[in-house]
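Have a look at the two-chain model shown here. How do its chains meet, and where can the picture be trusted?

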Amino acid sequence: MITSLQSNEIDIAIGLTEGWVAGLGKAQSEGKEAGYRMVGTYVETPLCWAISTGAGREDLRGVEDLRGKGMGVSRIGRCVFSHCHCCFICFHAFDKWENSVVLINDRAAVDPT
Amino acid sequence: MGFVLADTNGWLNTSSSSSSTSPPFTILPLQTFSALRAAVNDRSADFFMWEHFTSKRYYSNGEIKRIGEIYTPWPSWHIVAKPELVGDERLEEMMQKLNKGVRYFEKNQEEAVRYISSELDYEEADAREWLKTVRFVGDVRGVRAEVVERTVEVLRKAGVVVGEVDVDGMVGIRREE
């Protein structure tokens, strides 16, 4: 979404907090323009990240067993979460609820339904 | 969030005298949720973190095992806009419309449950549980600088944010509470 904002494909976006802040911090440290600013708060409550392992992993029973282990992530580097390794989830329920924001060039249109 | 997990458990080596810091985990980018589930079963990865309700159906079917959870130490979702839109009446109008959408959602919870459990492939019981965890702000307009500062500090520990940071420069529209 950050590259879409920077390339003017979109003008407004809703996303996970840490992603936006990481992108802004990275841009500042590189002396570059991030291409966006934080303008609104959407969901007040925290997101619950479940921690999972394989069904047969009897050796991993709790968080204390995870130190030094291999953590799978969706992606690093290409998105803003380089080194942070946060999972970028498209939580469709939020998108669908609000449903209806379609950004066309520099206009914001809201679907009346 | 991996680094939030490490920090919460005291696994981040923050000693400035240490010449070599051992990372709390090795990181394996695997692109998709299904690849993450496969990896923890074939042991190419040991664990992953994913949103709770999306993970839950795979606990129910026995594919993966839940071993813990962690909450983001910040409100989960924020709105951003291109800098030149700050002060633009179209942005203000959009936020008012988002507020209307939020009010509709809050008043039509049964419709939300039906939609989530039919269109988004979640169990109805999980949709109801999820609804209990979600609270939108009263007015979406504006960002609390304190929230951004808190997020910056965690990201700094993770090495994602380095150097001086101008929090005010990150926030286009500020709110006090």
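What follows is a short tour of the interface, and then of the confidence scores.

A few ground rules come first. This is a predicted model, so local features need pLDDT of at least 70 and side-chain atom pairs count only at pLDDT 80 or more, while totals for chains, interfaces and linings use all residues. Residues are numbered from 1 along each chain as its sequence is written, chains are lettered from A in the order in which they are written, and side-chain values use heavy atoms, with hydrogens and water left out.

Let's start with the meeting of the chains. On chain A, 81 residues are in contact (heavy atoms within 4.5 Å) with 98 residues of chain B. About 8800 Å² is buried between chain A and chain B, and carbon and sulfur atoms give 63% of that. Buried area here is the accessible area (1.4 Å probe) that two parts lose on being put together, summed over both.

What about polar links? The rule finds 55 residue pairs in polar contact across the interface of chain A and chain B, both residues at pLDDT 80 or more. A polar contact is a pair of N or O atoms within 3.5 Å; within protein, one must be able to donate a hydrogen and the other to accept it, and residues adjacent in sequence count only if both atoms are side-chain atoms. Helix 2 of chain A gives the most to the side of chain A that touches chain B, with nine residues; helices (H or I, at least four residues) and strands (E, at least two) are DSSP runs, numbered from the N terminus.

The two chains also share strand pairing (at least two DSSP bridges). Strand 2 of chain A runs antiparallel to strand 4 (residues 77–81) of chain B over five bridges, and T41(A) has H78(B) as its bridge partner there.

Now for confidence, given as pLDDT (the predictor's confidence in each residue, from 0 to 100).

| Chain | Mean pLDDT | Residues at 70 or more |
|---|---|---|
| Chain A | 71 | 66% |
| Chain B | 87 | 94% |

Within chain A, strand 2 has the highest mean pLDDT of the elements (96) and strand 6 the lowest (31). Where pLDDT is low, the predicted coordinates should not be read in detail. The model scores ipTM 0.84 and pTM 0.77.
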